[in-house]
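Please follow the charged side chains of this protein first, and then turn to its surface.

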Amino acid sequence: VQFLNVGKLRDLVGQLNAPLGIPDVTEDDILHLDIPLYPSDRAHCIDVLQALISRTLGPDNSTEEFDMIKELMAESFRSAFPTLAVEVIETTTKQRLREIRAAIVLQKALRRFKNYKKQIPNSP
């Protein structure tokens, strides 16, 4: 299986052992991983692995050595998974998190506006 449905990521990450696994993983934890998402809300297993490795190494993982390892991994994965090269990334889990939070803000503002309009007499 090369691609996973994004809904199954939480189960997968929750079942992994340390250091890659996240105990008591939440949907927010998955969204913060910044995993590229392909059409039909799918994530490639290699992208998931790279995101978990980056999370494990911490925020200061952009060293030359790590970048070189990531590039070597990407080259070998491109040959092992040729379908990955033709797929187009639609969004990322981090972008999806931003969209969800923006939708929540808009919904709250709309509710407040509707409540405000109800309180004003003779409002159209």
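A residue is called partly exposed when its relative accessible area lies between the under 20% that defines buried and the over 50% that defines exposed. By that criterion Glu-99, at 38% relative accessibility, counts as partly exposed in this model, which is a predicted one.

Side chains of opposite charge can pair when their charged atoms come close. The structure holds 3 salt bridges, and in one of them the side chain of Glu-99 meets that of Arg-96, with 4.0 Å from N to O. Arg-96 and Glu-99 lie 3 residues apart in helix H6, so about one helical turn separates them. Arg-96 also forms a salt bridge with Asp-41, where the closest N and O atoms are 2.8 Å apart. This second pair links distant parts of the chain, since Asp-41 sits in the loop between strand S2 (36-37) and strand S3 (42-44), 55 residues from Arg-96 in helix H6. Asp-41 is itself partly exposed, with a relative accessible area of 27%, and the shared partners join Asp-41, Arg-96 and Glu-99 into one network of salt bridges.

Another salt bridge is formed by Asp-28 and Arg-101, whose closest N and O atoms are 3.6 Å apart. It too links distant parts of the chain, with Asp-28 in helix H2 (residues 27-32) and Arg-101 in helix H6, 73 residues apart. Asp-28 counts as partly exposed at 35% relative accessibility, and Arg-101 is likewise partly exposed, with a relative accessible area of 43%.

Methods:
Residues are numbered from 1 along each chain as its sequence is written. This is a predicted model: local features need pLDDT of at least 70, side-chain atom pairs count only at pLDDT 80 or more; totals for chains, interfaces and linings use all residues. Side-chain values use heavy atoms; hydrogens and water are left out. Helices (H or I, at least four residues) and strands (E, at least two) are DSSP runs, numbered from the N terminus. Buried means under 20% relative accessible area, exposed over 50%, partly exposed in between (1.4 Å probe, protein chains only).
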